[in-house]
Amino acid sequence: MTLREVWLVRHGESIANIAATQAERDGVDVIPVDIRDADVPLSKTGRDQAEALGRWMREHRDEVEDFYTSPYVRARETLMIALDAHDSPPVEVRSDERLRDRELGILDLLTRGGVARLHPAEAERRRRLGKFYHRPPGGESWADVGLRLRSFLADADKSPGSTAVIVAHDAVVMLLVSLLLPLDETALLDFAATRTVLNASVTHLVRSDDGWELVEFSDVSHLEVEGAPVTVHPGSPDVEPG
């Protein structure tokens, strides 16, 4: 069956989100996180956001046929808490490594200032190539992430279900939007420059005979209703805000 409706969810605030934002404010080179990216858990605020997302989940549960998540802890925690599932989800949840966060290679855990000071040649190469095509050594460009997401969407389109919730990361949400609409490099960068994928936000797209339509982007009304904090943490630190 063809996929007809998707809700894209960014994970709740993680401890690395907090550390990265504080490191940027402090002007230090390295973000002080001592666990690998795949194992970074939610913060207390992130867990509160995931619980608030449960309100949205309860209201839409009957509409959703398939649930997908990044294998990273912060994404899986967000979905399990929202489903009030903990160790035993009431529905089948498919963890897919193609939904993992963008890999930054040698720039991992560096702030923007850290990239400029420790890898000036790489910072210049990024300025020359642009945000979409720059691939840090050992890491991925946005185009690379888009390639694996194309593969994921092709498989999701073959699923028996026509509606899906996908819980992942800010770059993944942004690139899935760009693939579905679709947006080329220029249109995507213009779109991303004025929008942020907020923690525990829901982005909604619907498919008609004319293609995909963006119904709602980065909606956090469920957080506001439940009194959970709305947190703004920019994306990967090797890029400008936006």
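This is a predicted model: local features need pLDDT of at least 70, side-chain atom pairs count only at pLDDT 80 or more; totals for chains, interfaces and linings use all residues.
Good morning. The term pLDDT denotes the predictor's confidence in each residue, from 0 to 100. The mean pLDDT of the protein is 93, and 93% of its residues reach 70 or more. One stretch calls for caution: over residues 238–242 the pLDDT stays under 50, and for these residues the model has 19 contacts beyond four places in sequence.

Six strands form an open sheet in the order 3-2-4-1-5-6, and their pairing is mixed. Which strands stand at the edges? They are strand 3, residues 93–95, and strand 6, residues 211–219; each has a single partner strand, so one side of each is left without a neighbour in the sheet. On average, and with direction ignored, neighbouring strands of this sheet are turned by 20 degrees against each other.

With strand 5, strand 1 pairs in the antiparallel sense over five bridges, and Glu-5 stands opposite Val-206 of strand 5. Strand 5 in turn pairs with strand 6, again in the antiparallel sense, over six bridges. In that pairing Arg-207 stands opposite Trp-212 of strand 6. Strand 5 and strand 6 form a hairpin, with two residues between them.

Helix 2, residues 44–60, lies across strand 1, strand 2 (66–69), strand 4 and strand 5 (202–208), and it runs at about 165 degrees to strand 1. Helix 7, residues 170–180, lies across strand 1, strand 4, strand 5 and strand 6, at about 155 degrees to strand 1.

Is helix 3, residues 73–82, mostly covered or mostly open? It is mostly covered, since eight of its 10 residues are buried, with "buried" taken as under 20% relative accessible area. Among the buried residues are Val-73, Arg-74, Leu-79 and Ile-81. The buried residues of helix 3 pack against strand 1, helix 2, strand 2, strand 3 and strand 4. After helix 3 comes Asp-84, with a positive phi near 55 degrees.

Finally, the aromatic residues. Phe-132 counts as buried because its relative accessibility is 14%, whereas Tyr-133, at 47%, counts as partly exposed.

The second pair, Phe-191 with Phe-217, is also edge-to-face, with 5.1 Å from centre to centre and 90 degrees between the planes. What lies over the face of Phe-191? Arg-195 does, at 4.0 Å from the ring centre. Thank you.

Key. Residues are numbered from 1 along each chain as its sequence is written. Side-chain values use heavy atoms; hydrogens and water are left out. Two strands pair if DSSP finds at least two bridges between them. Helices (H or I, at least four residues) and strands (E, at least two) are DSSP runs, numbered from the N terminus. Axes are lines fitted to C-alpha atoms, for helices over the stretch in contact, and angles run from 0 to 180 degrees between N-to-C directions. Contact means heavy atoms within 4.5 Å. Buried means under 20% relative accessible area, exposed over 50%, partly exposed in between (1.4 Å probe, protein chains only). Rings of Phe, Tyr and Trp (its six-membered ring) pair if their centres lie within 6.5 Å; planes under 30 degrees apart count as stacked, over 60 as edge-to-face and the rest as tilted. A charge sits over a ring if NZ of Lys or CZ of Arg is within 6 Å of the ring centre and within 35 degrees of the ring normal.
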